[in-house]
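Here is a set of questions and answers on one protein model. Look at the structure first, then work through the turns.

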Amino acid sequence: MKLSRFLFAMLYAYAVLSLQAEAKTPQGEVKGHASAHDAVSSRKAISDAQIALPGSVTGGDIYLGLLKNAPKLLDKKVPVVVFLHGSSGLGLQAIGQWQQWLAGLGIASLAPDSFALPDRLTYKSPVSKDIYEKIHALRSSEINLAIQALKTIPWADSQQLVLAGASEGSVAVARYSGEAFAGRIIFSWSCEHNYFVASPDTAVLDGRPIMNVISASDPYFSSANEWLGNASAKGSCIEAFKGRANASVVLIPDAPHTLLNLPMARQPVAAFLENLFRL
């Protein structure tokens, strides 16, 4: 009798814990269907890219706006950061602020518009990993679109390119294994197994520095997220970078998910870029 009561109590406790775990996991949502650029959206993703140009290129004030609306420019090449935005798109004010900051350092930037794709697949997490992987493939394709575009842009120094991204955009940045960029910066992504990827597949390349900047308590990719899906997660790219002298992690205590413009994020990023571009 005592054993039966014990087993009943254990089963009841397990059921309660299971229900609590389910209650803590929010309901995800998927909208749209398109997950691959066609010829039209490929052109639009670049023509509608948000760029920031330093005064050395404009001959005056910093230009922040769409590539297609760029003013007449001086005949000068400058380093360029290609930036992949997160799931909220280029409407996030922090992106423009960060691009203007880069321009103040003498660095141009180009952020392709992933939402140039009509009926683009979007989500409210958590959703299935196959949905996320379709998005990651889409974002990876935008890296190649940017590379091809920069070959035709007169102010872009093709020998001084860096790839950066935030959150959704950072997965494609972390996985990029080509040779077009001198270095990469991964904002707000942990390079770990979790709900967001089928497999992280982080690429760390010899001779090409890589940096991860993330909150120590990121709401999506640290243990602060109760539905992370990885009980042993470190919450950063430290494991993916282990043993690689050209890789670094900047972990910022109590920072929000969007941390591009925090002084403790800008300072190491500035040093990273100035060292790569020899500014």
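Helices (H or I, at least four residues) and strands (E, at least two) are DSSP runs, numbered from the N terminus. This is a predicted model, so local features need pLDDT of at least 70, side-chain atom pairs count only at pLDDT 80 or more, and totals for chains, interfaces and linings use all residues. Residues are numbered from 1 along each chain as its sequence is written, and side-chain values use heavy atoms, with hydrogens and water left out.

Q: In which loop does Pro-126 lie?
A: A cis peptide bond joins Ser-125 and Pro-126, with omega about 0 degrees. Pro-126 itself lies in the loop between β6 (122-124) and α5 (129-150).

Q: How far does helix α7 reach from its first C-alpha to its last?
A: Helix α7 covers residues 263-277, which is 15 residues. The expected span of a helix is 1.5 Å times one less than its number of residues. For α7 the expected value is 21 Å, and the helix comes close to it, reaching 21 Å.

Q: Which residues of α7 are buried?
A: Buried means under 20% relative accessible area, exposed over 50%, and partly exposed in between (1.4 Å probe, protein chains only). In α7 the buried residues are Ala-265, Pro-268, Val-269, Ala-270, Phe-272, Leu-273, Leu-276 and Phe-277.

Q: What covers the buried residues of α7?
A: Contact here means heavy atoms within 4.5 Å. The cover includes one helix, α4 (93-104). It also includes the strands β4 (78-84), β7 (156-166), β8 (183-187), β9 (210-215) and β10 (247-252).

Q: Which residue with a positive phi follows α7?
A: The phi of this residue is near 50 degrees. The residue that follows α7 is Arg-278.

Q: Is Ser-167 buried or exposed?
A: Ser-167 is not a glycine, yet its phi is positive, about 55 degrees. Ser-167 sits in the loop between β7 and α6 (168-175). Its relative accessible area is 14%, so Ser-167 is buried.

Q: What is the relative accessible area of Ser-188?
A: Ser-188 also has a positive phi of about 55 degrees without being a glycine. Ser-188 is placed in the loop between β8 and β9. The residue is buried, with a relative accessible area of 2%.

Q: Which residues are closest to the centre of the largest pocket?
A: On a 1 Å grid over the protein atoms alone, a pocket is an open set of points with protein on both sides within 12 Å along at least five of seven lines, a cavity is a set where a 1.4 Å probe fits but cannot get out, and lining residues have an atom within 4 Å of a point. Grid points are joined across faces, edges and corners, and a volume is the space filled by probe spheres set on the points. The largest pocket holds about 350 Å³. It is lined by 20 residues, and the closest to its centre are Ser-87, Ser-88, Ser-167, Tyr-220 and His-257.

Q: How many charged residues are in the lining of the largest pocket?
A: Ala, Val, Leu, Ile, Met, Phe, Trp, Tyr, Cys and Pro count as nonpolar, Asp, Glu, Lys and Arg as charged, and the others, Gly among them, as polar. The lining has 11 nonpolar and eight polar residues. The charged count is one.

Q: What is the volume of the largest cavity?
A: The count is one cavity of 30 Å³ or more. Residues including Tyr-176, Phe-181, Arg-184 and Arg-208 line the largest cavity. By class, its lining has five nonpolar, two polar and two charged residues. The volume is about 40 Å³.

Q: How far apart are the closest N and O atoms of Glu-142 and Arg-139?
A: A salt bridge is a side-chain nitrogen of Lys or Arg within 4 Å of a carboxyl oxygen of Asp or Glu. Glu-142 and Arg-139 both lie in α5, three residues apart, about one turn of the helix. Glu-142 is buried at 0% relative accessible area, and so is Arg-139 at 0%. They form a salt bridge, with the closest N and O atoms 2.7 Å apart.

Q: How many residues apart in sequence are the parts tied together by Arg-244 and Asp-206?
A: Arg-244 forms a salt bridge with Asp-206, at 2.7 Å between the closest N and O atoms. Arg-244 lies in the loop between β9 and β10 and Asp-206 in the loop between β8 and β9, so the pair ties together parts separated in sequence by 38 residues.
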